[in-house]
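Please open the model in your viewer and keep the sequence beside it, so that each stop on this tour can be selected in turn.

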Amino acid sequence: NEDTKYHMYLAEFDNHCGVNAWVPNSKVVHARSTKGYNSKYIAIDTVHQHFAHEPDAIRGPNGEYVLYYIAGNVTSGKECECRDGSTPNNCNPGNVPQPFTVLMQYSSSVNGPWSEPVEVI
């Protein structure tokens with residue numbers, strides 16, 4: 001709770017896709033609410049573009065903010081064009097590296113700027 005705002009980091013699927021197209025459509029987004037934790041959040045920036053998923057924000061030992069998430073370079077596919085949360089059968093996620101890389105970024109403020117991503121695992 002910085003400046004009486006509530007912050008959330010989330011995985012957002014682009015192009016109105018459903019969960020079965022999370023690769024390659026997922027990215028990590030920073031959203032904020034000014035009316036309480038149980039009110040509407042507005043996306044204010046993208047922390048990491050496609051492909052990134054499962055963000056977890058914590059306070060570091062020196063008071064900094066640390067954001068962990070999985071990421072990967074998805075090749076030979078393309079973002080799917082979906083409608084209303086449905087994913088068409090022709091949606092091809094491409095070559096998905098397994099396992100995903102765990103990255104972290106840190107900042108002295110929940111609003112950034114964030115460090116360059118650092119590989120954890």
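Which side chain meets that of Glu 12 in a salt bridge? This is a predicted model, in which local features need pLDDT of at least 70 and side-chain atom pairs count only at pLDDT 80 or more, while totals for chains, interfaces and linings use all residues. Residues are numbered from 1 along each chain as its sequence is written, and side-chain values use heavy atoms, with hydrogens and water left out.

Select Glu 12 together with Lys 27, whose side chains form a salt bridge at 3.8 Å, N to O (a side-chain nitrogen of Lys or Arg within 4 Å of a carboxyl oxygen of Asp or Glu). Glu 12 belongs to strand β1 (residues 6-13) and Lys 27 to strand β2 (residues 26-33), so the pair ties together parts that are 15 residues apart in sequence. Glu 12 is partly exposed, at 28% relative accessible area, whereas Lys 27 is buried, at 11% (buried means under 20%, exposed over 50%, and partly exposed in between, with a 1.4 Å probe and protein chains only).

Then select residues 52-59 and 65-71, the antiparallel strands β4 and β5, which are joined by 6 bridges (strands pair if DSSP finds at least two bridges between them). Ile 58 has Val 66 in β5 as its bridge partner. Finally, select Gly 63, which takes a positive phi near 90 degrees in this hairpin, where 5 residues lie between the strands.

Note on methods. Helices (H or I, at least four residues) and strands (E, at least two) are DSSP runs, numbered from the N terminus.
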